[in-house]
Amino acid sequence: TFQRACQMIGNRAESARQREMDILTLPRQPTKIKPAMSPETIYVAPLSLVQMTIADARVSHLVTLINDETVIQTPEGIGAGRHLRLAMNDICEPQSGLVPPCEGHVSDLIKFALAWDRKAPLLIHCWAGISRSTAAAFITLCALNPEASEREAARALRRASPTAYPNRLLVALADEALSRDGRMMTAIEEIGRGLMSLTGVLNTH
């Protein structure tokens, strides 16, 4: 019937959108990482796995979200202009002596994401691979897929990692910058806090 045909088309379209979003990978242990099946893969990792992920996954672009006191040199293998450093603390409310995420951070992240040529994977990292980096990955997905559902992007993040707990201030700032009318925040709230962990883990199922 016409209704069934439309449903099948809709299901295929939904599957295609899900595959488009399922480009997130979160390495969980210091073991060899398989090279990405797609050059458009976005890796999210803690600081402790950055060097290994770059080497094993053949990453070409790197985003660092970490406090200004932690000096992160551009690793070997990452070309000039392909390392974005965003100095911030993992906070959502002003705290004395700490630097919260701001509009400038989000603007620089979105520009960097849109300039990524997607010929090799992108790696996004913070200290633990749970909050700032997963927020940046979610923002990157939304920026690269302006017509896609924010819920699909958030669910892709949760499928990739049971521990992801994106920094809410980063997401709120990006929601406004990308004119998503609160949908990014709603989508992140819907996937919940996730499992508690000291470092991010990858759901291998």
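Author: Helices α3 and α4 are oblique to each other, oblique being the class left over once angles under 35 degrees are called roughly parallel, over 145 roughly antiparallel and 65 to 115 roughly perpendicular. The axes of α3 (residues 103-115) and α4 (residues 132-144) cross at roughly 55° and come within 9 Å. Such axes are lines fitted to C-alpha atoms over the stretch in contact, with angles running from 0 to 180 degrees between N-to-C directions; helices themselves are DSSP runs (H or I, at least four residues), numbered from the N terminus. This is a predicted model, in which local features need pLDDT of at least 70 and side-chain atom pairs count only at pLDDT 80 or more, while totals for chains, interfaces and linings use all residues. Residues are numbered from 1 along each chain as its sequence is written, and side-chain values use heavy atoms, without hydrogens or water.

The crossing of α3 and α4 is right-handed, that is, the near helix is turned clockwise from the far one by less than a right angle. On the α3 side, Leu109, Ile110, Ala113 and Leu114 take part, and they meet Ala136, Ile139, Thr140, Ala143 and Leu144 of α4; contact here means heavy atoms within 4.5 Å. By class, this contact of α3 with α4 holds 8 nonpolar residues, 1 polar and no charged. Nonpolar covers Ala, Val, Leu, Ile, Met, Phe, Trp, Tyr, Cys and Pro; charged covers Asp, Glu, Lys and Arg; the others, Gly among them, are polar.

Cys142 is buried at 2% relative accessible area, where buried means under 20%, exposed over 50% and partly exposed in between (1.4 Å probe, protein chains only).

Technical notes:
Helix = DSSP H or I, 4+ residues; strand = E, 2+ residues; numbered from the N terminus.
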